[in-house]
Amino acid sequence: MNVLLDNFPEFRDGFIGTVSITVVSSVIALVLGVLIAGFRVSPVPPLRVFGTAWVTLLRNTPLTLLFLIFFFVVPEILFPGMSPFLLGSLALGLYTSSFVCEAVRSGINTVPLGQAEAARSIGMTFAQTLRMVILPQATRTVIPPLSSIFIALTKNSAIAGAFSVTELFGWQKLMSDRGYDIVPVFIWVALGYLVVTFAISGLFRLLERRMEVAR
Amino acid sequence: MSASVLYDAPGPKAVVRNRVYAVVGSLAIVALLAVGVMRLADKGHLAPEMWDIFNYSGIRQNIADGVLATLKVFGLAAVGSLVLGVVLAVGRLSDHKPVRWLATAFIELFRSIPLLITIYAIWVGFLTDYSMWALATGLSVYNGCVQAEVLRAGINSVPKGQSEAAYALGMSKTQVMLGVLMPQAVRAMLPTIISQLVVTLKDTSLGYIILYPELLNTARLIASNTLVNGQYPYVSTIVVIGVIYVAMCLLLSALATWIEKRGRRAKTGIVMAGAAEPAEAPGVLDSPDGPPGPRTDAPKE
């Protein structure tokens with residue numbers, strides 16, 4: 001108990017850090033994932049190849065390696081001295097975008113054939129078909145897998161803590177460095193993560209219920 | 001739905017337009033890559049000397065040791081997680097309430113806590129001097145919980161007639177589980193089990209954080225101990241190690257896909273689980289449409 005009360009400001013900062021890195025990288029992952037899913041079903045072959053390569057490569061890279069790339073290689077390419085928070089959320093967002101892409105793609109596949117055919121037959125282009133007909137209907141099937149992808153993202157954000165981003169794993173490390181017993185520290189950190197993941201699954205359940213449609 | 005449903009077969013105008021998009025798109029991608037490579041080259045990260053370090057036998061030996069250490073912990077974690085997975089799956093399907101509750105609580109708890117937190121706590125709290133065992137234990141606990149859920153989905157997907165027939169023959173509960181249900185569940189879920197093993201392999205890289213000398217940590221040690229042209233060869237080392245990692249994971253994924261194809265060819269009533277992908281999100285198994293495993297409308301042979 002003391003370990004939390006004595007170090008509450010650090011814990012609060014860590015918790016806020018976890019929440020903010022989760023939110024920022026979720027947005028990155030969502031935008032990129034939908035874009036790349038669009039690439040993967042597009043009529044332009046190089047974009048399809050790019051999408052496939054992106055997903056295959058990112059999905060088979062350990063996240064820790066991706067963090068290493070982002071902290072040692074990317075600053076050299078862009079500009080040195082980028083903040084760890086930005087680099088961490090980029091790495092996490094890019095990694096998760098490959099999973100989002102696959103979820104969206106399989107969501108696109110569940111939309112009945114007739115929808116796309118009807119859209120085409122009234123003269124919609126590929127972009128219009130996707131944006132106005134397919135994706136809105138795919139949203140409903142994509143939400144449950146997205147929920148678990150974002151929960152996984154929250155859990156993965158712990159790795160960012162090892163790369164000097166302020167978040168809950170950083171607090172765990174700090175406390176064990178200060179000589180506190182690891183078991184209570186572990187329990188508090190676990191509780192912190194449980195709050196975030198429960199919030200996410202609650203949010204998605206709400207979304208699911210609001211989007212529910214009798215078919 | 002195949003992708004081609006989303007657009008018509010291109011006519012002459014669309015063909016031209018698609019070609020233009022193709023050229024512009026590829027140029028943009030190539031340009032992005034080129035800018036990246038040039039920026040790196042400007043800072044001397046792509047100088048031949050940076051790559052020459054991989055000709056030294058010492059560094060080659062280090063990388064080989066790193067691969068071996070990664071594979072060693074992966075082997076331990078794979079065995080540990082599969083054993084734990086079977087135990088937890090059987091526990092969760094047990095007829096005895098306390099056993100069922102215990103297994104469920106264990107699975108839900110460790111599945112929802114970040115793996116790194118568990119590994120770090122085990123390392124600091126119990127196995128400070130044995131980082132390999134801390135890593136293997138943490139990986140086994142987390143992945144064991146996921147494998148248990150996968151196996152449970154597999155067991156639930158075995159047609160009910162199988163266990164009913166086995167009970168009718170007078171087999172005991174243990175015999176039914178181990179002799180009838182488990183083999184069919186494992187066979188059906190093999191692609192998913194292997195994709196979870198790919199995730200396990202990827203997660204061995206967390207050893208980097210608890211200072212276990214696996215491949216990624218080796219990379220850091222090499223990069224920070226070798227001074228070339230007044231710089232540390234982070235870029236070249238990360239590229240080399242990254243290629244090794246991706247190759248290992250792709251090999252294991254390919255194995256899963258191959259097994260899935262082979263299973264689909266086999267003429268048994270059991271349907272293999274869908275295409276194996278290193279699903280980051282084991283929670284997919286909780287989807288309301290039931291387990292993602294074999295569909296129950298299996299074609300009966």
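Modeller: Two residues are in contact here if their C-beta atoms, placed from the backbone, lie within 7 Å. The model is a predicted one, and I will keep that in view throughout.

With that cut-off in hand, the contact between the chains takes 53 residues from chain A and 50 residues from chain B. On the side of chain A that touches chain B, the elements that give two or more residues are α3 (45-59), α4 (63-72), α5 (74-77), α6 (84-110), α7 (113-121), α8 (126-162), α9 (168-177) and α10 (182-211) of chain A. Among these, α8(A) gives the most to that side, with 14 residues. Sorted by class, the side of chain A that touches chain B has 38 nonpolar, nine polar and six charged residues.

Helix α6 of chain B, which covers residues 131-157, has 27 residues and reaches 39 Å from its first C-alpha to its last, close to the 39 Å expected at 1.5 Å a residue. This helix is mostly covered, since 24 of the 27 residues of α6(B) are buried. Chain B as a whole has ten helices and zero strands, and buried residues make up 42% of its 301 residues. Of the contacts in chain B with a separation of 6 or more, 72% are accounted for by residues 24 or more positions apart.

The unreviewed UniProt entry lists residues 15-37, 49-73, 85-104, 142-165 and 185-207 of chain A as "transmembrane region". Over residues 15-37 of chain A the model is 100% helix and 0% strand, with the end C-alpha atoms 32 Å apart, while over residues 85-104 of chain A it is again 100% helix and 0% strand, with the end C-alpha atoms 27 Å apart. The annotation "domain: ABC transmembrane type-1", likewise from an unreviewed UniProt entry, covers residues 15-204 of chain A; over that stretch the chain is 85% helix and 0% strand, and the end C-alpha atoms are 21 Å apart.

S164(A) has a positive phi of about 55 degrees although it is not a glycine, and its place is in the loop between α8 and α9 of chain A. S164(A) counts as exposed because it has 12 C-beta neighbours inside 10 Å. In chain B, L211(B) is found in the loop between α8 (173-203) and α9 (215-225), where its phi is near 65 degrees, a positive value in a residue other than glycine. L211(B) is exposed, because 11 other C-beta atoms lie within 10 Å.

Methods:
Residues numbered from 1 in each chain as written. Chains lettered and ligands numbered in written order. Predicted model: local features only at pLDDT ≥ 70, side-chain atom pairs only at ≥ 80, totals over all residues. UniProt positions renumbered as here; feature names shortened; annotations may be inferred. Helix = DSSP H or I, 4+ residues; strand = E, 2+ residues; numbered from the N terminus. Nonpolar A, V, L, I, M, F, W, Y, C, P; charged D, E, K, R; others polar. Expected span 1.5 Å × (residues − 1). Buried ≥ 20, exposed ≤ 12 C-beta atoms within 10 Å, placed from the backbone.
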